[in-house]
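Biologist: I have not looked at this one before. Can you walk me through it?

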Amino acid sequence: MLKKLLLVAAALVILVGLFAGCVFIGLFEKSVVAKDIEQPLSVDQMKALAERGAYVAVAADCYACHTAKDGAPWAGGLPFATPFGTLYATNISPDKENGIGSWTRAEFHRAVRDGIGRRGHLFPAMPYASYRNMTPEDVDAVYAYLMTRAPMNVPNKPAELTFPFNIRQGLTFWNLFNLPGSAASADAARSETWNRGRYLTDALAHCGECHTPRNLLMGMRQDAYLQGALLEGVVAPDITKAGLTQMGFEPSVLASFMKSGISNQGAMANQMFEVVHFSTQYMSRDDLNALSAYLFDLDKMPDSTIPPEPPKPVAIASDVAASAKTTYVAVCSGCHGADGQGIPHVVVPLTTNTSLRLSSGRNLIRAVLDGIPAQHFPGLERMQPMPGFKTLLTDQQVADLANWLRASWGGQEPKVTLDDVRQTRLDN
Amino acid sequence: MTIATKKLSLTINDQAVGPIDVPEAMMMQDFLYEYLNLTASRMGCGQGICHACTIIVEKDDGALEETRTCIMGAHWFAGKKVRTVEGHAKRDATGAIVALSPVQQAFIEHFSFQCGYCTPGFVTGATVLMDQLKRNPIRREELEPTIVEALDRHICRCSGYVRYLEAVRDLILQTPGLVKA
Ligand code: FES
Ligand code: FES
């Protein structure tokens, strides 16, 4: 009997081992790159594609990650801190030695859509799980466009990952669980606008990479699609219809917010500021409308706009309110106004601010502690820096302030704790 | 209509002030101007950008901190020790000025300002910087970047900044103990 059990166990171990081996060597990996992509593009085709490629690359926000701060354009080098170590974006300028200058069309497609580059598997910091849904035409266009850029002779920085995460081939396991087998196809039941919006959201703009929470394996949790996630210490909010409505958006305001980065709901900050700066401000009106319609799950933009009901104030203990009002008058009202109305073109209003309406108080606490740097927005809009108050206010003052602001103007239960403030301080 | 007020007491230029009834929502700058006739800190932008309105807060350990008065409520300063630009020069028992502060003197000698609107802010900023260097001296090669970083936030519309920079640099170099050998 025991012998039998042992035999079964041994067989199981061997089977699992075999299976793992098969995964590891990539037997289960499915390429979505069709055979005909092996055919190189002609010079004329490349020329014809490059212009549209510039737009696709902007919508896919390639530049923001593939250019280090003050670094050479498209030459990579931007660091990505992950729990497993630091990765660096790669040089995708057409430099033959360091960039993609000698990559074939098919190699480029496989990198973008399968996550397999010339030197092996890419790390999923490159959002290939999203780009997998890009059309071959769009990938061709980006390829053609990148080849028209100036080659940058800048070597790639090797990834600094801990074992075993530094084994690129190990990503076959990640891909097995997190990379869809095929690209999404259009939903015939929905309008062209909705489908375009989904394509922009899921494939090009890869919104889910930040706004969809991740599972234990760091893959996007499809059961919580776009429902918001915590990343780099701030909340990437819920951008489903429910979440957007809670923040005070309606479709047309959202579309203009993506264009300008500023609305009554506040000014884009953190990573979203860069998304507007490098990407969405250049998107066409039609695309922004499609994106917005899709996020609100509409087949077309509504003809009239009905702003969501303002949140109802929530009652708050009088001692908390007293402490918060004292702080507010002393350090906030000088800019945001005694009634939270802000100053047009100078300081955002608080009464309609999304940070007060999110379910989590994290972003508000973060802004109070660290402030927000001065930012130039599209057109002539500028926002002066917001000072940080981490040395001026105690944890208790910050918690009271956050609770009072969120309860009075954001309609949120006063559930920010001292610990939340402490934790936010530590996370910096 | 009545405006809600609150009692305010603080120390300004080594003198105890208050308790005075001050409107709850009044900004420090207005309090200094309207209640105490201390008008040296300038109202430039009123939005926390130009730093013409700054004053010094003396912390418990003696360290100095620069604070904008246009965006900070008067009651924020309750119980604190502050120094306005009126409190920098040396005065005799009658209150007459007998000597400018070293920073003020340096700005005059270097012709640092033209219209002078920004000058109180620069005097405040440079004085705080000198205090910081006394506590944490820096190396010579760090000096210019340190001055720029400390005073960069002060906006001047006339002078071109260079003579402010030179004045502060020369003063720091002449003052023993601020720059490491
Ligand atoms: S007046 Fe206070 S910063 Fe400009
Ligand atoms: S001297 Fe005129 S603003 Fe500075």
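**A walk through the model**

Modeller: Start with Asp140(A), which sits in helix α6 (residues 136-146) of chain A. Helices (H or I, at least four residues) and strands (E, at least two) are DSSP runs, numbered from the N terminus. This is a predicted model, where local features need pLDDT of at least 70, side-chain atom pairs count only at pLDDT 80 or more, and totals for chains, interfaces and linings use all residues. Residues are numbered from 1 along each chain as its sequence is written, chains are lettered from A and ligands numbered from 1 in the order in which they are written, and side-chain values use heavy atoms, with hydrogens and water left out.

Biologist: Is Asp140(A) buried or exposed?

Modeller: Asp140(A) counts as buried because its relative accessibility is 7%. Buried means under 20% relative accessible area, exposed over 50%, and partly exposed in between (1.4 Å probe, protein chains only).

Biologist: And what is Asp140(A) in contact with?

Modeller: Leaving aside neighbours within four places in sequence, Asp140(A) contacts Leu41(A), Leu49(A), Arg105(A) and His109(A). Contact means heavy atoms within 4.5 Å.

Biologist: Next, His211(A). Where is His211(A) found?

Modeller: His211(A) is in helix α9 (residues 208-211) of chain A. His211(A) is buried, with 8% relative accessible area.

Biologist: What is phi of Leu226(A)?

Modeller: Phi of Leu226(A) is near 60 degrees, a positive value in a residue other than glycine. Leu226(A) lies in the loop between α9 and β6 of chain A, and Leu226(A) is buried at 3% relative accessible area.

Biologist: Which residue of chain B has a positive phi?

Modeller: Phe111(B) does, with phi near 50 degrees, and this residue is not glycine. Phe111(B) is in the loop between α2 (102-109) and α3 (119-135) of chain B. At 62% relative accessibility, Phe111(B) counts as exposed.

Biologist: Back to chain A. How many residues of α15(A) are buried?

Modeller: Eight of the nine residues in helix α15 (residues 362-370) of chain A are buried. Their cover includes β6 (229-231), β7 (234-236), α16 (395-410) and α17 (418-426) of chain A. Just after α15(A), Gly371(A) has a positive phi of about 75 degrees.

Biologist: Now the interface. How many residues does each chain give to the contact?

Modeller: Chain B gives 14 residues and chain A gives 13. The area buried between chain B and chain A is about 1,100 Å², of which carbon and sulfur atoms give 66%. Gln47(B), Ile71(B) and Trp76(B) supply 48% of the area that chain B buries against chain A, more than any other three residues. Buried area is the accessible area (1.4 Å probe) that two parts lose on being put together, summed over both.
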